[in-house]
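Here is a short tour for a reader meeting this structure for the first time. Please keep the sequence and the model in view while reading.

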Amino acid sequence: MIYVYFDYKVARFCIFMIAFFSVFRYNGNDIGADRPQKEDKMKKLIAALVTCTLTAAMLMGCGSAADDGNASTGTDVNAQITKADDAEQKDDASGDTKADDSASAADTKADDGTDAAATQLQTVKEGVLTMATNATFPPYEYYEGSEIVGIDVEIAEAIADKLGLELKIEDMEFNSIIIAVTQGKADIGLAGMTVTDERKEAVNFSDSYATGIQAVIVPEDSDIQSIEDLTGKKIGVQLSTTGDIYAKEDFGEENVEAYNKGADAVMALKQGKVDAVIIDNQPALSFVKSTDGLKLLETEYAVEDYAAAIAKGNDALVKAVNDALVSLKEDGTIQSIIDKYIVSE
């Protein structure tokens, strides 16, 4: 579309020229030409002048309109390009943000999957499962050189692996294990520990992972042939074990001598200080095998379950240990550990 634009200066100039030549037209002092002839010339001159003036005005107007149109069009195009660029950048930024968020969410989920168990558990030391034991109880826990080994140790290691934790072992007197657990110095107590009502008042217990039997060791030439024959005899036990508890209940505290270690009780038996020793069957077998002149009564004194002691209130750890034990029983790990140390007869 063409726009005709009249500049006000051009209009004033046109009016001035028309007025000038109009005055010149009627001036009697012309150059001497005849009036009709002069009038014809003047008409042609004025018409030509007006035509030129109008043409110039239209050209100027069209130029201005075109410039304005071009400027407007250029502005619109630039605006559209800028808008498109902004939209593209916004889409890119949104895409990058979504991608980053997705990657972050994936990483978080992966990390949560890897460390979920460890991060939800309350332990004495972060990332570590501290086990309290008494390493004088073969084959469940005992020293092999400077290293503590045994059934309980390997089961604890397997549990720690399941929980994504590192196992740390603290060796102490047997009667200090529950104290260490209740005071927050150890996370679990594994030491061939039997579940009893008295102990359950102080700590919680995991599910049982092994069955223990209380056995009786006597000299080969002893006249003690049954459990009933222990009445009135001096009996040696390991302090705070179920053998200690049961013997005092059944035969009286005055007839029971408690020692810090099972080996000390066996040594007292060998030296004639006591008449018999009541202790768990597996360490009893080890002591009899390594010590001349001793034997086991064929009669079992008690059958009991071994479990891990865990502080009251730490339900998450109890559940985690139980879940791990279920898995380790199902895949045969626990049985393979027991078979490694205890050969079936």
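The report below covers sheets, loops, an aromatic pair, a cavity and a pocket.

## The model

This is a predicted model. Keep that in mind throughout.

What is the strand order of the open sheet of five strands? The order is 5-1-6-14-7. The pairing in this sheet is mixed. Strand 5 covers residues 166-171, and strand 7 covers 203-205. Both stand at the edges of the sheet. Each has a single partner strand, so one side of each is left without a neighbour in the sheet.

Strand 1 spans residues 128-133. Strand 1 runs parallel to strand 5, and six bridges join the two. Helix 3, residues 151-163, lies across strand 1 and strand 5. The helix runs at about 160° to strand 1.

Another open sheet has three strands, in the order 2-3-4. Its pairing is antiparallel. Strand 2 and strand 4 (147-149) stand at the edges. Each of these two has a single partner strand, so one side of each lacks a neighbour in the sheet.

Strand 3 and strand 4 run antiparallel and are joined by three bridges. Tyr 142 stands opposite Val 149 in strand 4. In general, strands of a sheet pair through backbone hydrogen bonds, either parallel or antiparallel.

## Two backbone details

Which peptide bond is cis, with omega near 5°? The bond from Pro 138 to Pro 139 is. Pro 139 sits in the loop between strand 2 and strand 3.

Ser 240 has a phi near 70°. That is a positive value in a residue other than glycine. Ser 240 belongs to the loop between strand 9 (235-238) and helix 6 (242-251).

## Aromatic pairs

How many aromatic pairs does the model hold? The count comes to four. One of them joins Tyr 140 and Tyr 306. Their rings are edge-to-face, 5.1 Å centre to centre, with 90° between the planes.

Now place this pair in the chain. Tyr 140 lies in the loop between strand 2 (136-137) and strand 3 (141-144). Tyr 306 lies in strand 13, residues 302-306. The pair therefore ties together parts that are 166 residues apart in sequence.

## The cavity

The count of cavities of 30 Å³ or more comes to one. About 40 Å³ of space lies in the largest cavity. Which residues line the largest cavity? They are Asn 134, Phe 137, Phe 174, Ala 191, Gly 192, Gln 238, Thr 241 and Asp 280. By class, this lining has three nonpolar, four polar and one charged residue.

## The second largest pocket

The second largest pocket holds about 170 Å³ of space. Eleven residues line this pocket. Asn 281, Leu 296, Leu 297, Glu 298 and Glu 300 lie nearest its centre.

Which element gives the most to the lining of the second largest pocket? Strand 8 does, with three residues. Strand 8 (210-219) and helix 8 (281-290) each supply at least two residues of this lining. The classes in the lining are five nonpolar, three polar and three charged residues.

Definitions and conventions:
Residues are numbered from 1 along each chain as its sequence is written. This is a predicted model: local features need pLDDT of at least 70, side-chain atom pairs count only at pLDDT 80 or more; totals for chains, interfaces and linings use all residues. Side-chain values use heavy atoms; hydrogens and water are left out. Two strands pair if DSSP finds at least two bridges between them. Helices (H or I, at least four residues) and strands (E, at least two) are DSSP runs, numbered from the N terminus. Contact means heavy atoms within 4.5 Å. Axes are lines fitted to C-alpha atoms, for helices over the stretch in contact, and angles run from 0 to 180 degrees between N-to-C directions. On a 1 Å grid over the protein atoms alone, a cavity is a set of points where a 1.4 Å probe fits but cannot get out, and a pocket is an open set with protein on both sides within 12 Å along at least five of seven lines; lining residues have an atom within 4 Å of a point. Grid points are joined across faces, edges and corners, and a volume is the space filled by probe spheres set on the points. Ala, Val, Leu, Ile, Met, Phe, Trp, Tyr, Cys and Pro count as nonpolar, Asp, Glu, Lys and Arg as charged, and the others, Gly among them, as polar. Rings of Phe, Tyr and Trp (its six-membered ring) pair if their centres lie within 6.5 Å; planes under 30 degrees apart count as stacked, over 60 as edge-to-face and the rest as tilted.
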